[in-house]
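Subject: Structure for your files, with notes

Dear colleague,

Please find below the structure that I said I would pass on. My notes on it follow directly after.

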Amino acid sequence: MSSLKETITCDACPVLCRIRPDRTGACDRYGNVNGVLTRTDPIVVAQKTVDDKGKMVPFLARDWDGQLLAEAPKFLTGIGTGTTYPDYKPAPFIVSSEHEGVDMVTVVSEAIFSYCGVKVKIDTDRFVGPEQSAVRCKGEQIGHVTTAEYGSQMLALGGVRHLTGGSKEEGVATCDMLLALCNREAVDLKVDDGAKLTIQAGKAPVINDVQEERMRVGCGSATIGMFAKQWLGHADEVIVVDDHITGVLTEHQAGRFLDIPLAGIRVRGYKSTAGRYFRVAKPGTGWGGTDVQDPLVIIKSIDPKVARPGLRLFMVSTTGEDAEYFVLDDDLKPTPAPMPEPLKKVVERIGENCEPALTTVLYMAGAGGSLRAGVTENPVKLTRSVRDALTRVTCGGAPVYVWPGGGITFMVDVTRMPDNSFGYVPTPALVSPIEFTLRLDDYRDLGGHMDSVTKLEEVVTKPGVRVTEWYRKNPWPWSIPSRTQPTEED
Ligand code: SF4
């Protein structure tokens, strides 16, 4: 038995810190309390004080003071529970509870993930940097720009190569960045040959010190399709400037359907199909995610056989943030003119139809050896059970998407997890909560650690437990998994 004054060894990760009395180890997650290795953060229990229909759980005629309510449904999250390292021991908590007349079990732990990172979606058309460019934090490469999606730029950050495959500085910068992003803090990044970024999960991105407000309504072609009818009679030509597809109304199918005659104004770039042009300008932070500040620079020619003096030309970006109105003079030169009210209204409507620009952070990790062995003596059975949808995987109670194929590789939206769900160890790696929920008899069948099953109520009523409100948008993990499996035909 260890004495109060004895230095103890923490075996919760490969660092094996020697911890003196009343001190904590390198990650601050474990301490020496009276000679006993102790997890320093409280275990987090999420309880439902509001049911699925939005009704408050009755509180026995008293106000809720943030404490545990005997009447409220509860879920034990992995936050603060500790890890299964080094592999052979059951998960820290395996709790059972009856739901809808069925005995269920949740296997709860924190997992150390070396194979982990985040996929970041930044709702903007503005150029953040060339695809594959290095993304840096504190000067170290911690990820790269990856394939853009519709209306959004994408970053792939972290991952095992940056965490453990480079220099110590690179690993530390990567781990710090991941920890901050996953705990929903703001992080400053710089893209090689690209923008300076400040990103935070659930918040608007800041690109080169300018806060982004709107996500584009669609590409230039889609914008033409959406608003062509509302421009009819108020402009003779509309050009929607966009880094992906710039739309030209009179050439576009929408213009042809409305019998709008050609205007003879030709834009630069490569014609894809009627009224749809690629690469009218370079990517940038100007109109529609291009480097254009003056929209007239994208006009290549004006055909005197088709165009005429007095022709009304309207140019707008895909967010409506930039818009200008011109009238062709006697030399067929576009001359700025006051924008008619009906066009101003459509500009406002484009803005109204743009969704707010947000930063989305999806944490992605692979559940490996120690974690699965903490659930069952036959780890591959857990993988199969997850694949068969008999076992539900959650992170701090938040639903995850499990990738098809081998292993348990999952993604989770960090904004659906409780505050400060993530920790780290200096190997370096991230520590995140994970829970596996299934029927108790299915757990027995997959070789679960039945001797370690305890009652949920015994754990959640322990002193020092932190109670948090259940995030209502998350599905309730205790709902009973169906045993009906999809067939090949499905
Ligand atoms: S880094 Fe943390 S988890 Fe790892 S041995 Fe030290 S105190 Fe324990």
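How many nonpolar, polar and charged residues does the lining of the largest pocket have, by class? Before I come to that, two remarks on the basis of these notes. This is a predicted model, in which local features need pLDDT of at least 70 and side-chain atom pairs count only at pLDDT 80 or more, while totals for chains, interfaces and linings use all residues. Residues are numbered from 1 along each chain as its sequence is written, and side-chain values use heavy atoms, with hydrogens and water left out.

As for the pocket, its lining has seven nonpolar, eight polar and seven charged residues, where Ala, Val, Leu, Ile, Met, Phe, Trp, Tyr, Cys and Pro count as nonpolar, Asp, Glu, Lys and Arg as charged, and the others, Gly among them, as polar. The lining comprises 22 residues, and those that lie nearest the centre of the pocket are Asp125, Phe127, Ala148, Gln153 and Asp243. A pocket is here an open set of points on a 1 Å grid over the protein atoms alone, where a 1.4 Å probe fits, with protein on both sides within 12 Å along at least five of seven lines, and lining residues have an atom within 4 Å of a point. The volume of the largest pocket is about 340 Å³, taken as the space filled by probe spheres set on the points, with grid points joined across faces, edges and corners. Strand 11 (140-149) and strand 12 (152-158) each supply at least two residues of this lining, and strand 11 gives the most, with four residues.

On the overall build, the protein has nine helices and 34 strands, both being DSSP runs numbered from the N terminus (helices H or I, at least four residues; strands E, at least two). Its C-alpha atoms fill a box of roughly 100 × 50 × 50 Å along the principal axes. Of its 490 residues, 49% count as buried (under 20% relative accessible area, with exposed over 50% and partly exposed in between, for a 1.4 Å probe and protein chains only).

Strand 5 (residues 44-47) runs antiparallel to strand 6, with three bridges between them, and Gln47 stands opposite Lys74.

Finally, the cysteines: the structure holds zero disulfides, a disulfide being a pair of cysteine sulfur atoms within 2.5 Å. Cys116 is in no disulfide, the nearest cysteine sulfur, that of Cys182, being 7.2 Å away. Cys116 is buried, with a relative accessible area of 4%, and Cys27 also counts as buried, at 14% relative accessibility.

With best regards

Definitions and conventions:
Two strands pair if DSSP finds at least two bridges between them.
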